[in-house]
Amino acid sequence: MTYVVTDACIRCKYMDCVEVCPVDCFYEGENMLVINPSECIDCGVCEPECPAEAILPDTESGLEKWLELNNSFSAQWPNVTRSRGAPADADEHKGEEGKYDKYFSPEPGQGD
Ligand code: SF4
Ligand code: SF4
């Protein structure tokens, strides 16, 4: 079991989650974060910290696409452990539908 970041994170990227993870297993893309499933220890402390409710346990159904995305991009993107604050327009994209198709970027983020 692991926790996964879904597309609710795209363009929100508040980064509250990275500050609480005890094993620093968040990785940063251009406009979203992912969790490395093989490093996550399933502690669950990040889930309630996310204002976008983007983090879910993989025991919930229908998360296969996001688990695969977290798995593959955590191997390509840089590690991030410190919040730099949210983008200025983050709240405009909170709760928006279909963000993966509209905005997903495979490009790496800045990292620590
Ligand atoms: S707190 Fe939520 S929206 Fe923000 S970066 Fe973490 S997973 Fe993404
Ligand atoms: S569940 Fe725990 S170990 Fe996994 S990403 Fe969240 S804070 Fe990190």
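Guide: V5 counts as buried because 28 other C-beta atoms lie within 10 Å (the cut-off for buried is 20 or more other C-beta atoms within 10 Å of a residue's own, 12 or fewer is exposed, and in between is partly exposed, with C-beta atoms placed from the backbone). Before going on, bear in mind that this is a predicted model, where local features need pLDDT of at least 70, side-chain atom pairs count only at pLDDT 80 or more, and totals for chains, interfaces and linings use all residues. Residues are numbered from 1 along each chain as its sequence is written, while chains are lettered from A and ligands numbered from 1 in the order in which they are written.

So where does V5 sit? You'll find V5 in strand β1, residues 3–5 (strands are DSSP runs of E, at least two residues, and helices are runs of H or I, at least four, numbered from the N terminus). Leaving out residues up to four places away in sequence, V5 touches M32, L33, V34 and I35, plus A54, I55, W66 and N70 (in contact means C-beta atoms, placed from the backbone, within 7 Å). Then there's F26, 21 residues from V5 in sequence and 9.4 Å from V5 in space, C-alpha to C-alpha.

Now follow the chain to K13, in the loop between β1 and α1 (16–20). K13 is buried too, because 27 other C-beta atoms lie within 10 Å. Its contacts, again not counting residues up to four places away, are N31, M32, L33, A86, P87 and A90. By contrast, K13 and G62 are 49 residues apart in sequence and 22 Å apart in space, C-alpha to C-alpha.

Zoom out, and the elements run β-α-β-β-β-α-α-α from the N terminus. Of the 112 residues, 35% count as buried. Contacts between residues 24 or more positions apart make up 84% of those with a separation of 6 or more.

For ligand 1 the count is 13, with C9, Y14, C17, C50 and A52 coming nearest.

Technical notes:
A residue is near a molecule or strand if its C-beta atom, placed from the backbone, lies within 6 Å of it. Two residues are in contact if their C-beta atoms, placed from the backbone, lie within 7 Å.
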